[in-house]
Amino acid sequence: MPEPTGSYLHGTAPEEQRRLSLLNELLNERSLARLELRGGERTLDLGCGLGQMARAMARRLTSGSVVAVERDPTQLAEARRLAAEAGEEGLVEFRRAEAESPLARGELGSFDLAHARFLLEHVPRPERVMRALVEAVKPGGRVVVEDDDHDLLRLWPEVPGFEAIWRAYERTYDRLGNDPFVGRRLVSLLHGAGAHPSGNALLSFGSCAGDPAFDAFVANFLGLIRGAPEPILAASALTVAELEEGLERLEEWSRLPDAALWYATCWAEGRRPEEPGSASVAVTKPTPLPRGKVTSMQFLAASAADLTSSLELDEVFARIADRVQQLIDCHLFCVMLWSEERQLLEHSYSLRFGQHEPQEGGFPLGYGLSGSAALERRTLRVADVTEDPRYVRFRHAEVEIRSEMAVPLLVRDRLIGVLDLESQAPDAFTAEHEQIVTALASQIATALENARLYEELRANQRRVAADLQLAREVQGALLPRHPPRVPGLEIGAVLEPARELSGDFYDFLPLDGGRVAVALGDVAGKSTPAAVYASLAVGILRGRALERRFGPAAMLDQLNEQLWRLHVERSFVAMALAFLDGADRELRYANAGVSAPCLLRDGEIRRLEQPGLPLGGLERSRYEERRLRLMPGDVLVFFSDGIEECRGAGGETFGERRLAEVLLDLAGSPAQAIARGIVDASARFAAKAAEDDRTLVVVRVAP
């Protein structure tokens, strides 16, 4: 799969344009109120989309002007059409440009306000766009950004199946190289771009059934999902049927009289420093050294400190360019990194007359002066490239280059890349330039290598996080979606994992005669290994459930034998297995090392003690079955040891006594409320995050 480069997920089809127009109508007033336009400002709206927010800003300004920039020609054409349709042609100056370099050099630092909404979540390098916003405003000018953190969506009552869809929608951003949670990073991005952060808030947008805007909010969320079904399915374990079912349930939910939703966007403001160098420690550009008045040692010492102060690859590129250009005037500047995998020098960062100019592609060792410098592991300084047969003209062919200096970047003789400087003037680079830049090259190479390793580490962390999230959803799909409906019984269940993946599980298996088997398991260990073993145990259990001659004890015998044969070292599973008959009110129960279940009857609680070793530990473990006649109103609670063993601030455990107290308090509640209440009570008691999974299954006999 190609490396993500960042793009807009939904495209620009007419239905998507209509959805965006509706969304603007819902959000613009709240955003404008927070923006607090004062009048007279020259304003930049970056990533303007359909231009509705830009026009709304222009209407608020008694004087001043708004320049709206958009990269997508379809969006821009629609923005101009909507402006003309509203009789506001000329109110805003619409331009097409890239978000990372939206302005000509002469316009940098000329705006009073730079604004972007819902832009940073759709770009792979939000720090570059934030830097462009800061560079656009005057010293003291404002930068205001508003963006999404998709975790902030809340629906009530909860919509079955919709959370899995929403998580899959979030992961589509990762696949595109974007960030669905960039809103939480806005202040950090402002700081990193050299601005002084001065404000941070959430703009909340709540609605409910009966609110005139409620249907529009629901339509927007439906449009988000229905506008991108293929990426959502590709980013999850969902089927087409499950996706459609989840959306149908969302539509059904929207018709409930008590349906409510909450959403918020993240808003942050910063100011460009009044004086050069007065920004926070994360200012991108170092304070310039006076050219011609600095010694080589001063230059190298200052550069070493500056280059090692960041691990962001783009930041390092910019710092390299700033440092070199303080010393040497050049018209073209390029850093190429060596790809061991592709065996190419790849264009990574380029400046043309001081402006960033993205370039793609690469070339092999020995090609051109840069490739020759890399191959020979030495600096090449050419006074007149027209007389050197190694010179090759690249994309800047319209620029007449006369002199060039190519410097290999090495770490312990290992090639990292090449630094290439070119000038339109002949003999532009001196022996002193060569000496200083060659000495600086090792520092540059080290900074680039550290930044590259850091980038790889972060990419691996993101990949592991995405894999864990997918594994969690797959594991969640193995759990029953809803407790079964059994005449005469009411069943509830809750599983709260301590980590991304759980070693606990529960399952409900239909038996003949309207009976149901309830299983609750707890695998030894934590996280991924425990989750895999739990999935294995559930699969074997479901296969055995089809053999109707087995009772619960015999089924545990068979399951133990199969797990023992697999012989997964240091892995075993504790499990409780109960057969329930709602009509006869009979319980058949066997235990393989799980905490003894509680039976609440007539205001008294007793434990259903039953000996048994965990499954998979010994080859010939045997399990005993217990039968019990249930009474109307009885409550059975099966639970993993994470409930009783969680610890409070003083080190004491939640324990049997507290569990009994909570169960008695909740005795008259529905089964699901009892399960939820016990888990929540143990969580409140715990002094820190849970160290073990917490799982309950509650069975209530009809009164």
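The model is predicted: local features need pLDDT of at least 70, side-chain atom pairs count only at pLDDT 80 or more, and totals for chains, interfaces and linings use all residues. Residues are numbered from 1 along each chain as its sequence is written, and side-chain values use heavy atoms, with hydrogens and water left out.

The protein has 18 helices and 27 strands. Both are DSSP runs numbered from the N terminus (helices: H or I, at least four residues; strands: E, at least two). Of the 703 residues, 51% count as buried. Buried means under 20% relative accessible area, exposed over 50%, and partly exposed in between (1.4 Å probe, protein chains only). Among contacts (heavy atoms within 4.5 Å) with a separation of 6 or more, 71% come from residues 24 or more positions apart.

The largest nonpolar core has 52 residues. Such a core is a set of buried Ala, Val, Leu, Ile, Met, Phe, Trp, Tyr and Cys residues joined through side-chain atoms within 4.5 Å. Phe94, Leu155, Trp166, Ile225, Trp253 and Leu261 have the most contacts inside the core. At least two core residues come from each of α1 (14-35), α2 (52-60), β2 (65-70), α3 (73-85), α5 (162-175), β7 (196-204), α7 and α9. Helix α7 gives the largest share of this core, 8 residues. Leucine 261 touches residues including Arg154, Leu155, Phe205, Phe214, Phe217, Phe221 and Trp253, with residues up to four places away in sequence not counted. Another core, of 32 residues, lies apart from the largest one. Val316, Leu327, Leu421 and Phe429 are among its residues.

A search of the whole structure finds 8 aromatic pairs. Rings of Phe, Tyr and Trp (its six-membered ring) pair if their centres lie within 6.5 Å; planes under 30 degrees apart count as stacked, over 60 as edge-to-face and the rest as tilted. Phenylalanine 214 and tryptophan 253 have ring centres 5.6 Å apart and planes at 55°, so this pair is tilted. The pair links distant parts of the chain, 39 residues apart. Phenylalanine 214 lies in helix α7 (residues 214-226), and tryptophan 253 lies in helix α9 (residues 240-254). Phenylalanine 214 is buried at 2% relative accessibility. Tryptophan 253 is buried at 4%.

Phenylalanine 654 and phenylalanine 685 also have ring centres 5.6 Å apart, but with planes at 65° the pair is edge-to-face. Phenylalanine 654 sits in the loop between α16 (641-644) and α17 (655-665), and phenylalanine 685 in helix α18 (residues 671-685). The two are 31 residues apart. Phenylalanine 654 is buried at 3% relative accessibility, and phenylalanine 685 is buried at 18%. Elsewhere, Phe162, Trp166, Tyr169 and Tyr173 form one aromatic cluster.

The charged end of arginine 34 sits over tryptophan 267, 4.4 Å from the ring centre. For arginine 42 over phenylalanine 111, the distance is 4.0 Å.

The structure holds 37 salt bridges. The criterion is a side-chain nitrogen of Lys or Arg within 4 Å of a carboxyl oxygen of Asp or Glu. Arginine 381 and glutamate 434 form one, with the closest N and O atoms 2.7 Å apart. This bridge links strand β15 (residues 380-382) to helix α13 (residues 431-478), with the partners 53 residues apart. Arginine 381 is partly exposed at 36%, as is glutamate 434 at 23%.

Aspartate 512 and arginine 515 meet at 2.6 Å, N to O. Aspartate 512 is partly exposed at 37%, whereas arginine 515 is buried at 18%. Glutamate 586 bridges to arginine 627 at 3.3 Å. The former lies in strand β22 (residues 586-592) and the latter in strand β25 (residues 626-629), so the pair ties together parts 41 residues apart in sequence. Glutamate 586 is partly exposed at 22%. Shared partners join Asp149, Asp151, Glu163, Arg167, Glu170 and Arg184 into one salt-bridge network.

Conventions:
Lys NZ or Arg CZ within 6 Å of the ring centre and 35° of its normal.
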